[in-house]
Amino acid sequence: MTILLGRRSALAALALAIGMAASGAPVCAEVAEAAGFAAPREPMQLTRVLERELGDGAKITVARTWRVRFVAHADGYTVEGEQIAVEVDVPPRLAALAEVERKNPHAGPFPIALDKAGLIVGEGGADAAPIPGLEEAAKKYLEGAPPDRQAEAMRYVRAVQRAGAEMTSRWPEDLFYPVAVPRRDERMLPLPGGGSGTIDVSFDGVLAADGHRLATAVRRIETTVNGSTRASQEAWRLEPLQ
């Protein structure tokens with residue numbers, strides 16, 4: 001039950017994590033200096049693996065693979081994506097939520113706009129929607145819990161819904177051409193009641209052998225509240241279609 005019964009501090013940490021994951025030091029200058037991005041001419045395969053610790057030794061892992069195509073135009077490129085595979089690994093007690101995630105039709109920020117330097121511009125999929133069925137699955141999971149705990153948990157679930165919709169449009173701006181790496185941003189996390197914690201966001205990437213595009217990249221977010229640390233990690237891989 002503790003997985004879904006988030007406290008106010010968890011909500012605060014979640015909100016700040018979203019903001020930090022989307023922000024950080026500007027990378028435009030370093031990317032412009034490199035000036036070596038070249039979009040693949042053939043369709044590629046993009047895989048994203050998201051791992052999120054639950055705080056009790058368990059974790060959720062969601063792996064999605066898209067068939068992507070880089071379409072050139074006057075201002076840069078449009079990355080079109082079609083999901084071709086999804087794998088979800090969760091603890092047995094969260095099986096209903098796993099099924100919701102597998103069926104999520106909005107899992108991805110496509111189409112994505114890139115400028116000529118390969119940077120993500122605009123909202124990059126700002127029409128991402130909350131996961132259909134997530135609240136219903138959570139309510140079923142919470143049956144039998146005290147009413148105050150159910151209400152608190154559902155506030156957290158709804159915050160996660162909003163966060164999920166935000167984060168699908170906030171991949172690292174230099175994901176497809178990661179040259180301003182590695183980088184790290186650590187900040188203090190103010191919490192209700194005068195408490196504090198820390199949040200640490202790091203990003204690193206490796207270029208393909210030709211030096212013109214993404215091969216692999218990893219973003220990691222660690223949030224420490226009251227001495228307890230929870231981490232989430234996203235890993236991307238761009239490779240020829242298999």
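This is a predicted model: local features need pLDDT of at least 70, side-chain atom pairs count only at pLDDT 80 or more; totals for chains, interfaces and linings use all residues.
Figure 1. Arg-237 is partly exposed, its relative accessible area being 35%, whereas Glu-239, at 15% relative accessibility, counts as buried. Salt bridges that share partners also join Arg-48, Arg-219 and Glu-234 into one network. Side chains of opposite charge can pair when their charged atoms come close.

Figure 2. Asp-174 is buried, with a relative accessible area of 0%, while Arg-183 is partly exposed, with a value of 23%. The side chains of Arg-184 and Asp-200 likewise meet in a salt bridge, at 2.5 Å from N to O. Because Arg-184 lies in strand S5 and Asp-200 in strand S6 (residues 196-207), this pair ties together parts that are 16 residues apart in sequence. Arg-184 is exposed, with a relative accessible area of 60%, but Asp-200 is buried, with a relative accessible area of 12%. In the chain, the count of salt bridges comes to 11.

**Figure 3. The largest nonpolar core and the surroundings of Phe-176.** The largest nonpolar core has 22 residues, and those with the most contacts inside it are Leu-46, Val-68, Phe-70, Leu-114, Trp-171, Leu-175 and Phe-176. Two or more residues of this core come from each of the strands S1 (44-53), S2 (59-73), S3 (76-89), S4 (112-115), S7 (214-225) and S8 (228-240), and S2 gives the most, with 3 residues. Leaving aside neighbours within four places in sequence, Phe-176 is in contact with several residues, including Phe-37, Leu-46, Phe-70, Leu-114 and Leu-238. A second, separate core has 8 residues, among them Ile-60, Val-62, Val-88 and Val-90. In soluble globular proteins, nonpolar side chains tend to be buried together.

Figure 4. Strands S2 and S3 run antiparallel and are joined by 13 bridges, and a hairpin links S2 to S3 through 2 residues. Within this pairing, Arg-67 has Glu-82 in S3 as its bridge partner. Strands S3 and S4 also run antiparallel, with 4 bridges between them, and Thr-78 stands opposite Ala-113 in S4.

**Figure 5. The buried residues of helix H3.** Helix H3 covers residues 95-102, and within this helix Leu-97, Ala-98, Val-100 and Glu-101 are buried. Seen down the axis of H3, the buried residues fall within an arc of 160 degrees, so they line one face of the helix.

**Figure 6. Ala-180 in a loop, and the chain as a whole.** Ala-180 is found in the loop between helix H5 (147-167) and strand S5 (183-190), and this residue is buried, with a relative accessible area of 6%. The C-alpha atoms of Ala-180 and Gly-205 are separated by 8.7 Å, although these residues are 25 residues apart along the chain. The secondary structure of the chain comes to 5 helices and 8 strands, and of its 242 residues 42% count as buried. Among contacts between residues at least 6 apart in sequence, 63% join residues at least 24 apart.

Notes:
Residues are numbered from 1 along each chain as its sequence is written. Side-chain values use heavy atoms; hydrogens and water are left out. Buried means under 20% relative accessible area, exposed over 50%, partly exposed in between (1.4 Å probe, protein chains only). The arc is that of the directions from the helix axis to the C-beta atoms. A nonpolar core is a set of buried Ala, Val, Leu, Ile, Met, Phe, Trp, Tyr and Cys residues joined through side-chain atoms within 4.5 Å. Contact means heavy atoms within 4.5 Å. Two strands pair if DSSP finds at least two bridges between them. A salt bridge is a side-chain nitrogen of Lys or Arg within 4 Å of a carboxyl oxygen of Asp or Glu.
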